[in-house]
Amino acid sequence: MLLEVKDIHVHYGKIEALKGISVEVNEGEIVTLIGANGAGKTTTLKTISGLRGLTSGSIVFDGKDISRMPGHKRVVAGLGQAPEGRGVFPGMTVHDNLLMGAYTRSGSFSAELAEAYELFPRLAERRNQAAGTMSGGEQQMLAIGRALMAKPKVLLLDEPSMGLAPLMVQQIFSIIEEINRRGTTVLLVEQNAQQALKLAHRAYVLETGKVVKSAPAADLLNDPDVQAAYLGGGLGHDAPEEPAVSQERAVPEERSGAPEA
Ligand SMILES: Nc1ncnc2c1ncn2[C@@H]1O[C@H](COP(=O)(O)OP(=O)(O)OP(=O)(O)O)[C@@H](O)[C@H]1O
Ligand SMILES: [Mg+2]
């Protein structure tokens, strides 16, 4: 197992945000954490990356207990993060933002730079543009590209789809799939449960600081409780016997004579 979060408890002052969360991520997997606002998803990622300390429990990464390791050393060890809200350096160019992602590295990183530009051609077109003037989706691409520059073993992603239009969400998700196909393990936090469950191998459902379900992602897509709570089910329909109706069905009339997409 590449990453093991064991029964972590995390507090903000007296408030216990995580009440014993355990999550396992195997090498090569995409694992997703889903759950409502305030469930503890971001706190879990921040604790893994070392931005929050834990009260009890432990985090084992690549065979080592990293529970007390400072965050910057975790990056060197192979934990890469694209944080919630993206956090690009707005006054710096796209190119310099990418270079910042490699600050923990020694030696050449031209291969990673070339790969980031290959995965995100939009970034290559805009390499001299100030990051703060990029669109939301472009900044998300930059945040992921920057995290990849550290050549992480595990990429931690916090709501990469937040605030993006459906087409851009599709693009970001297919790039995440490609990054995983090329060998990077992914731990993905999402509110967009439908998309995340389609992409991931396994998933955990968080509720108020606890894991209430964990299963193969495909099973959760068909789980009536998960459908009702997170997949837009239970809205005046009887409990569905079949998987949730796909979005294409929402288009009412056929567009006759339309060319193929
Ligand atoms: N800096 C903080 N100070 C105090 N409480 C915090 C802080 N950050 C988070 N919390 C609390 O911890 C709990 C978990 O928050 P967290 O951000 O991890 O949730 P989340 O699942 O990521 O939610 P969202 O989907 O809205 O991003 C919430 O009750 C939140 O109010
Ligand atoms: Mg969050």
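The residues of the shell around ligand 1 divide into 4 nonpolar, 7 polar and 1 charged, where Ala, Val, Leu, Ile, Met, Phe, Trp, Tyr, Cys and Pro count as nonpolar, Asp, Glu, Lys and Arg as charged, and the others, Gly among them, as polar. Among the residues surrounding ligand 1 are Tyr-12, Asn-37, Lys-41 and Gln-191, a residue being near a molecule if its C-beta atom, placed from the backbone, lies within 6 Å of it. Helix H1 (41-49) and strand S2 (15-25) each supply at least two residues of this shell, and the largest share, 3 residues, comes from H1.

This is a predicted model, in which local features need pLDDT of at least 70 and side-chain atom pairs count only at pLDDT 80 or more, whereas totals for chains, interfaces and linings use all residues. Residues are numbered from 1 along each chain as its sequence is written, and chains are lettered from A and ligands numbered from 1 in the order in which they are written. The protein chain averages a pLDDT (the predictor's confidence in each residue, from 0 to 100) of 88, and 88% of the residues score at least 70.

An open sheet of 6 strands has the order S6-S7-S8-S3-S9-S10, with mixed pairing; two strands pair if DSSP finds at least two bridges between them, and helices (H or I, at least four residues) and strands (E, at least two) are DSSP runs, numbered from the N terminus.
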